[in-house]
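I will look things up one at a time and write down what I find.

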Amino acid sequence: MRKFLANTKKKAQAKMIQVAILLTARRGENFVDSGVKILIAVVIGALLLGGLYALFGDTIMPTVTQKVKDMFNFKG
């Protein structure tokens, strides 16, 4: 049990040292990567939104409008 606790303590200390090194690093790799990821997400989101807007405007809404008109013009 003591060996397990000692090993766990060593592993935790090693992880804490790795985190401290990462937090004190002055390199900009993570910032550039994050910026590129955000830019890609914004572009893909804009394309999806534009596609959905075009789909709803040209295909879905006229069909829905026509079906609603047909329901209220029922002459049974």
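Where is Met1 found? I find Met1 in the segment before helix 1, which runs over 2-24. I note that this is a predicted model.

I looked up the cover on Met1 next. Its relative accessibility is 74%, and exposed means over 50%, so Met1 counts as exposed. I then took a distance from this end.

On to helix 1. I checked its length against 1.5 Å a residue. The 23 residues should span 33 Å, and the end C-alpha atoms are 33 Å apart, so the two agree. I also looked for buried residues in helix 1. The number is zero out of 23, so helix 1 lies largely in the open.

Next, helix 2. I have Leu55 in this helix, which covers residues 29-72. Gly57 lies in helix 2 as well. Is Leu55 buried, exposed or partly exposed? At 39% relative accessibility, Leu55 counts as partly exposed. From Gly57 I went back to Lys37, 20 residues away along the chain. Their C-alpha atoms are separated by 30 Å.

Last, the surface. I looked for nonpolar patches and logged one formed by Leu52, Leu55, Phe56, Met61, Val64, Val68, Met71 and Phe72. Together these residues have about 790 Å² of accessible area. Leu55, noted above as partly exposed, is one of the patch residues.

Technical notes:
Residues are numbered from 1 along each chain as its sequence is written. This is a predicted model: local features need pLDDT of at least 70, side-chain atom pairs count only at pLDDT 80 or more; totals for chains, interfaces and linings use all residues. Side-chain values use heavy atoms; hydrogens and water are left out. Patches are made of residues with over 30% relative accessible area and no salt bridge: like charges are joined within 9 Å, nonpolar side chains (Val, Leu, Ile, Met, Phe, Trp, Tyr) within 5 Å. Accessible areas come from the Shrake-Rupley method with a 1.4 Å probe; for residues, only the protein chains shown count as cover. A salt bridge is a side-chain nitrogen of Lys or Arg within 4 Å of a carboxyl oxygen of Asp or Glu. Helices (H or I, at least four residues) and strands (E, at least two) are DSSP runs, numbered from the N terminus. Buried means under 20% relative accessible area, exposed over 50%, partly exposed in between (1.4 Å probe, protein chains only). The expected span of a helix is 1.5 Å times one less than its number of residues.
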